[in-house]
Amino acid sequence: MSSSAVAFERQQSARRRLLAELRTRRLPRTGGWSHCGAQFGTEATSLALLALHSSPSGLPATKEDLAPLMARQLPNGLWPAVGDRTTGENFWATAMAVNTLMILGAAPATFAASLETLVRGRPLEAGWLVRLKFRLSDRQVRFDPTKYGWAWVPATLSWVVPTSMALITLERAKRQGLIGGGELQNRLRLGAEMLLDRACPEGGWNAGNAVVYGVSLRPHLDATGLALAALRFHHELPIVRNSVTWILTHIDCPSSYSLAWIILAASPYKDVRPDVSPAVDIARERLAALVADPSAVDDTSTIALAALALGLETGINPFELKV
Amino acid sequence: MSAVVSRRIFGGTMLAGTGALAVRRMLSLGSVQDRRKPLSRVAILQEDSYDGPLDRTLMEGLRLFDLNLCGKSVLLKPNLVEYIPGAEVNTNPRLVGAAASAFLALGAKSVLVGEGPGHQRDTVLVLAEGGLQAELRERRIRFVDLNRDEIWKVPLQTSFTGLDCVSLPRTVLTSDFIVSMPKVKTHHWAGVTLSMKNLFGVVPGVAYGWPKNILHWKGIDRSILDINAAVPAHFVIADGIVGMEGNGPLHGSPRNLGRIVLADDPVAADFVCTRLMGLNPLRVKYLAQAAEFLGNGGPERIVHLGERLPSTAQPFAVLPEFAHLRL
């Protein structure tokens, strides 16, 4: 057996262990998955469902599989991040849930209101008074408040991670013909502009503060991964190219969570960057070693993300938008 | 001194004073409860380096307080923001490890370390790169990511932010003894970040996002007061061996202070740390307000166990916006 075949088998073995661990962590009473402990988490549940059901070799998701996720949907279509329906609306969790439902083939009517609410959901910078505040007095963070995306929760500012996930979800919905119109186009354009505006000067993204008091802040791997996934169509832009380069220099990362994001984010750039495939191969080997004992990984989202990253050869990438 | 700076100093001082007056009014109306104890205890320990006998120094310091920890679950809350090579951003892992071992030796039923970084979502990465993961593994101490713990919604005790309730991690709400372990630093939004500001890290990112933007938007000073009223730390171990001055909390310069500050009152701890930084705690808005109801700031109500505050201190460098904090 060749060394690459041995590596592939090692990765698939690690992935099988991750999937087995996910099955044991399914919440017994309510269904779904928790980050840690026994409280339902929308992100953890979405990622676990994708890991277990998005592979062609796996069982397709049934209505019963999706029921715990659907049970937490609020009347306006949004999802809370955790717990029951009383813990508040969350745009990140909503975008994650809808992306999952689209990929797993849920009936579009079950999330049509969610898409509409995502398009309508505006951060504080959308208001002129807040924009004026940033123009006149609150000027320590360098950013353009006219370019906005999505907040984590209502009545706050837009940030890189929820904006990236909302862009991925809405773009997928648009391509599937589930949503359209001028307002959607406007939000997609503004969201992409916001990401480009908030990129760190040398490449990559952090939560969304690239320069504070004139000092460039460091990018973060997961935020960079998500932003790159959302901006795949803009691969020719220098800031996107630099960000791919930056993320590929971090394949020695000691955390399985960030390493999984590197793999999931960089893989869609394989066809436009010759340096991606070799780096991703190394990253997958490293990730398989880091998650050798999935029971030692506290966060269920990390287990699911790692399973998705190790399953790319045979499965789908839920964060990839095909060009 | 330029006219602009002197206006800033005047404005900043007025702001802190006005805030304190407002709290006094709330106290008189009964909308805020006076929680100050008659006396607070503080110990300033000398320790020049993280390579020194930290375990011994800390244990000797903790013994001064005669803490009753038998059967109690202890949660250590260090300040972990992100790892920047060469920068003194986070509470030193050796100090956290020494504290964990010391509390177990003093009879605690269990010791956990928990934190929820405000901007960096990958908590494991911060732990691994900063050395805390290895330190805790060696000492067999468990870490809880407070950003992703189960959350419970609890009503706020005060209403400085105007919020009715806050979601908090189960681990925080079920711990018997919470120890805030800040790094002594300047902060570009709050002036200083010490044991009270450190409790921002108990607010879970999973509920509020990264950053916990609602707290910034409602006002950092107000949020610090509401959180500390909702989750009072029982004890403080402040890492002032090497602090940070200037453009903290991430991009300031290291400042050798050579001190660990212990206290049984976060407000007293932060007042003493601020004075050690050569800054005036009464000009830090949230500290001036906290000293009216949450804890003791006045020297007459702070007992020093061991070393007293030095009569003079070389002030920490601050951003021009915080020039008014200088003594």
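A crossing of two helices is left-handed if the near helix is turned anticlockwise from the far one by less than a right angle, and right-handed if clockwise. The model toured here is predicted: local features need pLDDT of at least 70, side-chain atom pairs count only at pLDDT 80 or more, and totals for chains, interfaces and linings use all residues. Residues are numbered from 1 along each chain as its sequence is written, while chains are lettered from A and ligands numbered from 1 in the order in which they are written.

The crossing of α4(A) and α7(A) is left-handed.

Next, display the side chains between them. Residues including Phe91(A), Trp92(A) and Met102(A) of α4(A) meet residues of α7(A), among them Val161(A), Met165(A) and Arg172(A); contact requires C-beta atoms, placed from the backbone, within 7 Å.

Now turn to the chain interface, where 30 residues of chain B are in contact with 34 residues of chain A. On the chain B side, α4 (123–130), β5 (151–155), α7 (205–208) and α8 (213–218) each supply at least two residues. The greatest share comes from α4(B), with four residues.

Finally, select Pro28(A), in the loop between α1 (3–24) and α2 (42–53) of chain A. The C-alpha atom of Pro28(A) is separated by 8.9 Å from that of Ala38(A), 10 residues apart along the chain.

Technical notes
Contact = placed C-beta atoms within 7 Å.
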